[in-house]
Amino acid sequence: MTEPQTQMNWEYGTLAAEVYELDKPVGRPFADVEYYTGLLADVRGPILEPATGTGRVLIPLLEAGHQVEGLDSSAQMLACCRQHCRDRGLDPVLREVDMTIYVRLAAYEAVIIPAGSIALLDGRKATLQALACFRDSLVPGGHLFVDIPVPRPAAAHEEMRYWPRGSYLWTLQTLHSEYDPVAGQTTRFLRYDKWQDGTLRMTELQAFRLQHWTSQEFAELLAEAGFTPMVVTADYQDARPPGTASDVWTFHAVARHRI
């Protein structure tokens, strides 16, 4: 019997990327894709999407005629994105780099971070570093649109999820979840398994850390990083005010100055 391959990751590994593809396939309509397409309708200059992942948002924007560049720290997610782009005849600039260090001075008219991906950064210092990079990469008066997951305690128990495809079955389980009130972080240990005809072929353990911010805390971070917070919307609806009953807040901010 062949032993299953095992991996341990803080980033998105091979199985995490495969499950992301199964759960959120490129080309399927999602509320955030439609919302960001509308937000950027009048943007004519280059756009940057840090944490671009598999291209779920980037590709529809490219197909709408925007100039979009993507970056991600996960080689596996970028490999998926590149393949999706090739399949569609697209050839965007994609970089494997951390959002806390990437800067192109005054190169972009907008920076977007859908799906709450900025909450994957570890703490206040890393988040401020990323925001400063976005500020420096934006033209003066350029726009930042960023999603923040609404902070709430992790569920005591999460059901196993699964995705069958042909002879394969992918499963995802939360093995353990813990909350650090001092750091304002939840860490989940996620186990991804890939089965074929009932035999485990590969398993992957991901330490999935999520940073929690209140609306006021994140607005203060934006101001400290050199942005003017303009408006906050909830759940991809302009008319819906943000509140604790929401799932996600979208901050609209403008690059004010360099500090």
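Is Leu121 buried or exposed? At 11% relative accessibility, Leu121 counts as buried, where buried means under 20% relative accessible area, exposed over 50% and partly exposed in between, for a 1.4 Å probe and protein chains only.

## Basis of the report

This is a predicted model, in which local features need pLDDT of at least 70 and side-chain atom pairs count only at pLDDT 80 or more, while totals for chains, interfaces and linings use all residues. Residues are numbered from 1 along each chain as its sequence is written, and side-chain values use heavy atoms, with hydrogens and water left out.

Helices (H or I, at least four residues) and strands (E, at least two) are DSSP runs, numbered from the N terminus.

Leu121 is placed in the loop between E5 and H5. Its C-alpha atom is 7.6 Å from that of Leu210, although the two residues are 89 apart in sequence. When neighbours within four places in sequence are left aside, Leu121 is in contact (heavy atoms within 4.5 Å) with Met99, Thr100, Ala126, Thr127, Ala130 and Gln211.

The loop between strand E5 (108-113) and H5 also holds Ala115. Ala115 counts as partly exposed because its relative accessibility is 44%. The phi of Ala115 is near 65°, a positive value in a residue other than glycine. Most residues other than glycine have a negative phi.

Helix H5 (residues 123-137) has 15 residues, which at 1.5 Å a residue should span 21 Å; the expected span is 1.5 Å times one less than the number of residues. The end C-alpha atoms of H5 are 22 Å apart, in agreement with that expectation. H5 is mostly covered, with 12 of its 15 residues buried. Among them are Gly123, Ala126, Leu128, Leu131, Cys133 and Phe134, as well as Arg135 and Asp136.

Two packed helices are described by the angle between their axes and the distance between the axes. H5 and helix H6 (residues 215-224) pack at an angle of about 50°, with their axes 9 Å apart. Axes here are lines fitted to C-alpha atoms, for helices over the stretch in contact, and angles run from 0 to 180 degrees between N-to-C directions. H5 and H6 are therefore oblique to each other; angles under 35 degrees count as roughly parallel, over 145 as roughly antiparallel, 65 to 115 as roughly perpendicular and the rest as oblique. The crossing of H5 past H6 is right-handed, a crossing being left-handed if the near helix is turned anticlockwise from the far one by less than a right angle, and right-handed if clockwise. On the H5 side, Arg124, Thr127, Leu128 and Leu131 meet Phe218, Leu221, Leu222 and Glu224 of H6.

## Helices H1 and H4

Helix H1 (residues 14-23) and helix H4 (residues 75-87) have axes that come within 8 Å and cross at roughly 45°. That angle makes H1 oblique to H4. H1 contributes Thr14, Ala17, Tyr20 and Glu21 to the contact, and H4 contributes Gln76, Met77, Cys80 and His84.

## Cysteines

How many disulfides does the structure hold? The structure holds 0 disulfides, a disulfide being a pair of cysteine sulfur atoms within 2.5 Å. For Cys80, the nearest cysteine sulfur is that of Cys81, 8.7 Å away. Cys80 is buried, with a relative accessible area of 18%. Cys85 is likewise in no disulfide, and the nearest cysteine sulfur, again that of Cys81, is 4.2 Å away. Cys85 is buried, with a relative accessible area of 1%.

## Further buried residues

Leu58 lies in helix H3 (residues 58-63) and counts as buried, at 0% relative accessibility. Beyond its neighbours within four places in sequence, Leu58 is in contact with residues including Glu49, Val68, Cys81, Cys85 and Leu94.

Met202 is found in strand E10 (residues 199-211) and counts as buried at 9% relative accessibility. Met202 and Thr14 are 188 residues apart in sequence, and their C-alpha atoms are 9.7 Å apart in space. Tyr236 lies in the loop between strand E11 (227-234) and strand E12 (248-255). Tyr236 is not a glycine, yet has a positive phi of about 60°, and at 18% relative accessibility Tyr236 counts as buried.
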